[in-house]
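Q: I have a model open and would like to go through it with you. Could you start with the terms, please?

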Amino acid sequence: MLNRRELVKAAAGTSLVAALGPAFAAQAAQNSSPAPREPGVDMSHECTVADPEHYHLEFENEYVRVIRCRIPGRDKVKMHNHPFGSVIIFMTDQNLHQTLENGKTEEAHNKAGHVLWGNGSQSQHMGVNVTDQLYEYIRVDVKAALPKRA
């Protein structure tokens, strides 16, 4: 099993499935689904649907979705959301200017290797990579971690 540093190094610029080995690749091929459909969840603005140029579904089964986001320097992602709670693993430094659907703006900064939990939300946002460097992260959506409904 790879430790975090080895996983980050192995996964940089390659498929996450390939980095985790043949057994995982076979499992991914067996369980992946190209169309994001979740009962009771509006997936119409989900990141891989709204902006497939930047968000790629690497793996999916009944429990999780693994998404890789790659934003080239100075590039902008389209308005989207992340409906599931997620573990986010920063592969590179994050220096992002985000605009929320209500028009408010905020800055997001994290260091490569940092791992955090992100609450899911149907709220949308867009972002701009404010550096000349590629920004990349891996998001592990936990399907059971849906935001509480009011």
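A: Buried stands for under 20% relative accessible area and exposed for over 50%, with partly exposed in between (1.4 Å probe, protein chains only). This is a predicted model, in which local features need pLDDT of at least 70 and side-chain atom pairs count only at pLDDT 80 or more, while totals for chains, interfaces and linings use all residues. Residues are numbered from 1 along each chain as its sequence is written, and side-chain values use heavy atoms, with hydrogens and water left out.

Q: Fine, and which helices and strands does the protein chain have, in what pattern?
A: The protein chain has four helices and nine strands, and along the sequence they follow the pattern α-α-α-α-β-β-β-β-β-β-β-β-β. Both are DSSP runs numbered from the N terminus, helices being H or I with at least four residues and strands being E with at least two.

Q: How many aromatic pairs are there in the structure?
A: The structure holds three aromatic pairs. Rings of Phe, Tyr and Trp (its six-membered ring) pair if their centres lie within 6.5 Å, and planes under 30 degrees apart count as stacked, over 60 as edge-to-face and the rest as tilted. The pair of F90 and Y137 is tilted, because the ring centres are 6.2 Å apart and the planes stand at 50 degrees.

Q: Where do F90 and Y137 lie?
A: F90 lies in strand β4 (residues 85-90) and Y137 in strand β9 (residues 135-142), so the pair ties together parts that are 47 residues apart in sequence. Both F90 and Y137 are buried.

Q: And what about Y135 with Y137?
A: Their ring centres are 5.6 Å apart with planes at 40 degrees, so the pair of Y135 and Y137 is tilted. Y135 is buried, as is Y137, and one aromatic cluster is formed by Y55, F90, Y135 and Y137.

Q: Changing topic, is E58 buried or exposed?
A: E58 counts as buried, because its relative accessibility is 12%. E58 lies in strand β1 (residues 55-60), and its side chain is joined to that of R68 by a polar contact of 3.1 Å. A polar contact is a pair of N or O atoms within 3.5 Å; within protein, one must be able to donate a hydrogen and the other to accept it, and residues adjacent in sequence count only if both atoms are side-chain atoms.

Q: What does L96 touch?
A: Taking contact as heavy atoms within 4.5 Å, and not counting residues up to four places away in sequence, L96 touches I71, E106, E107, A108, G127, V128, N129, V130 and Y135. L96 is found in strand β5 and is buried, with a relative accessible area of 6%. The C-alpha atoms of L96 and V130 are separated by 5.7 Å, although these residues are 34 apart along the chain.

Q: What about R74, where is that found?
A: R74 is in the loop between β2 (64-71) and β3, and has a positive phi of about 65 degrees although it is not a glycine.

Q: Last one: across the protein chain, how much counts as buried, and what share of contacts joins residues at least 24 apart?
A: Of the 150 residues of the protein chain, 41% count as buried. Among contacts between residues at least 6 apart in sequence, 71% join residues at least 24 apart.
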